Every structure is written in C-alpha cells, then in structure tokens.
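Visitor: I would like to learn how to read the features of a model such as this one, term by term. Could you show me the structure and then begin with how accessibility is described?

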Amino acid sequence: MPYATITEALNSGQTLVFGHRGALAQAPMNTLAAFDCALQQGADGIELDVQLSKDGHLVVIHDTTVDATTDGRGHVAELTLAELKQLDAGAWFSADYKGERIPTLDDVFDAFGDKLLINVEIKSSPAWGYRADKVLAECVRRHGMSERLIVSSFDPALMGGLRQMMPTAMLGFLYQPDMPASHYLPLKRLWHQARHPRQDMVDQGYMNWARAQRYFVNVWTVNDGARALELSRLGVNAIITDEPAAIIGALEKC
Ligand code: G3P
Ligand code: MG
C-alpha cells in the first residue's frame with residue numbers, strides 16, 4: 001500500500017481505482033473474496049456498502065434484504081449477526097464461492113485495512129435503537145482507520161451524524177441526477193471534502209467547478225475503458241469500477 005492516508009492518495013496526481021463492492025464482475029459482491037479479488041487485480045481501494053443487523057452490527061451487504069445475494073430470505077435489519085453469518089453469500093454467484101459469508105465491517109478492516117483504501121457507503125437508517133453513524137464511528141476508531149477511508153452516503157442524516165462524530169474524516173457527497181432536494185440540500189450544506197457523482201454527470205465544466213470548490217472527485221461506476229481514460233484526463237481523483245483490472249489496464253495504456 002503506497003499511500004499512508006486517503007488524503008495523500010487523492011492528492012497523488014494518479015487516478016485511483018476502487019473496486020465497486022469489491023470486484024462485482026468477477027466475485028460475489030461485498031464479500032472478503034471480492035475484496036481480495038480487487039486487491040489481486042491491483043486496485044488501490046474498494047467501495048463497499050454497510051447496513052445494521054438487528055443486534056447493531058455493521059454488516060457488508062448492498063440490498064436491504066438478503067434475498068438476492070445469499071441463500072436466505074428476509075430483511076438485514078431483522079436478522080441478528082449470528083443469523084446473517086449462517087447464510088451462504090457466495091454460491092448464488094458461482095459454486096467456486098460456496099461458503100463465503102457476509103462480512104462485518106470489522107472483518108474487512110482486519111483483513112484489508114492495511115492493504116487497501118476503503119470507501120464505506122453507509123446505507124442503513126436508525127433501527128432497533130442503534131444508529132449506523134455511531135456504530136461506524138466507533139468501528140473506525142477501534143481500527144484506527146480514520147485517515148484511510150472515505151465515508152459516503154445518499155442519506156443526509158447519516159452524513160450529518162458522521163460529520164459530528166468524526167469531524168476530520170473524509171466525507172464523500174454521493175449523488176445522482178434524480179436526487180430529491182430533501183436529500184440534496186442538506187448534504188450540500190454539510191462540510192465535505194469529496195464529491196461522488198454518477199460518472200455521466202462529469203465533464204470539463206463539472207471538473208472546473210469542482211476544482212474551484214477544492215473538492216476531490218470520485219466517480220461511479222465506470223466499466224468502459226475509453227470512458228475511464230476520458231475521466232482520468234479530465235482529472236478525476238478516483239474511479240469506482242466493477243472491473244478493476246480492465247480499468248487499470250485502460251489507464252496504463254495512455
Ligand atoms: O458508492 C457508489 C455506488 O456504490 C452507489 O450506488 O447502489 O452501487 O451502492 P450502489
Ligand atoms: Mg455502493
């Protein structure tokens with residue numbers, strides 16, 4: 001890992017490559033296998049999604065239910081960590097990944113915290129008396145990860161809570177064109193260092209504006225090599241992709 005901090009990495013002048021949910025195209029999303037796949041492909045970092053289990057643990061999973069990416073059924077927020085850990089999170093993708101489990105964020109920090117930069121996308125709303133922002137801030141502190149990650153979210157309440165609990169952490173304002181003003185306006189008012197726009201929102205005008213505002217710009221989700229090269233030439237700081245190796249290859253050819 002050539003970078004000591006996320007700020008140093010984003011200031012490096014290189015276009016960083018982050019594997020989306022690990023390496024979505026090649027391994028079951030949001031599993032340790034997918035994060036290892038991104039690492040093996042040479043990614044600088046990973047993007048992952050976290051939600052609260054019923055008993056207040058941050059687990060790494062994209063959907064609000066386990067239906068699509070495990071052999072179980074039900075809402076993540078209505079299952080305990082012990083119940084979630086019994087599920088197979090790999091076989092739906094391929095028999096090669098049978099036995100993969102839903103990781104906790106602690107599992108990911110333990111396995112990859114010193115090897116990869118991490119973009120934690122926090123999706124959970126408060127449930128069962130637990131607050132995802134508070135649980136995340138405690139987890140980050142416990143692992144000493146505050147300088148090595150970006151936290152992003154579409155949820156202004158979670159981002160506001162995190163800004164209070166982690167005053168200097170790198171926050172990424174995650175947005176897409178159809179975002180309602182009720183989400184967009186509070187996020188806009190919150191101090192944040194990075195913008196995470198959907199990739200098709202970015203052009204020269206956007207980059208001029210973002211640079212004038214001193215924002216880092218990290219785009220999602222780019223799987224086309226030519227578009228990655230274009231975005232790199234525009235000066236984006238990081239590209240989030242389902243296929244890290246292909247995008248790294250496309251950038252290296254320039
Ligand atoms: O963080 C970028 C991207 O992951 C946001 O959308 O639905 O893939 O989590 P989604
Ligand atoms: Mg995500």
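Guide: Buried means under 20% relative accessible area, exposed means over 50%, and partly exposed is what falls in between, computed with a 1.4 Å probe on the protein chains only. By that scale Arg-21, with a relative accessible area of 14%, is buried. This is a predicted model, in which local features need pLDDT of at least 70 and side-chain atom pairs count only at pLDDT 80 or more, whereas totals for chains, interfaces and linings use all residues. Residues are numbered from 1 along each chain as its sequence is written, chains are lettered from A and ligands numbered from 1 in the order in which they are written, and side-chain values use heavy atoms, with hydrogens and water left out.

Visitor: Where does Arg-21 lie, and what is the value of its phi?

Guide: Most residues other than glycine have a negative phi, and most peptide bonds are trans. Helices (H or I, at least four residues) and strands (E, at least two) are DSSP runs numbered from the N terminus, and Arg-21 is placed in the loop between β1 (16-20) and α2 (32-40). Its phi is near 50°, a positive value in a residue other than glycine. Asn-30 is found in the loop between β1 and α2 as well, and has a positive phi of about 60° although it is not a glycine; at 2% relative accessibility, Asn-30 counts as buried.

Visitor: Which residues are joined by a cis peptide bond?

Guide: Trp-220 and Thr-221 are joined by a cis peptide bond, with omega at about -25°. Thr-221 lies in the loop between β8 (216-219) and α9.

Visitor: How many salt bridges does the structure hold, and which residues are linked in a network of them?

Guide: A salt bridge is a side-chain nitrogen of Lys or Arg within 4 Å of a carboxyl oxygen of Asp or Glu. The structure holds 11 salt bridges, and a network of them links Arg-21, Asp-49, Glu-121 and Lys-123. Among the other pairs, the side chains of Glu-230 and Arg-227 meet at 2.9 Å, N to O, and because these residues are three apart in helix α9 (residues 225-234), they are separated by about one helical turn. Glu-230 is partly exposed at 43% relative accessibility, while Arg-227 counts as buried at 16%.

Visitor: Which residues are around ligand 1?

Guide: A residue is near a molecule or strand if one of its heavy atoms lies within 4 Å of it. The residues around ligand 1 are His-20, Arg-21, Glu-47, Asp-49, His-62, Glu-121, Lys-123, Leu-174 and Trp-220. Turning to distances, an N or O atom in the side chain of Glu-47 is 2.7 Å from an oxygen atom of ligand 1, a polar side-chain atom of Asp-49 lies 3.2 Å from an oxygen atom of that ligand, and a polar side-chain atom of Glu-121 lies 2.8 Å from an oxygen atom of ligand 1. The protein covers 89% of the 290 Å² of accessible area that ligand 1 has on its own, where accessible areas come from the Shrake-Rupley method with a 1.4 Å probe and, for residues, only the protein chains shown count as cover.

How values were computed: Polar contact = N/O pair within 3.5 Å; in protein donor to acceptor, adjacent residues only side chain to side chain.
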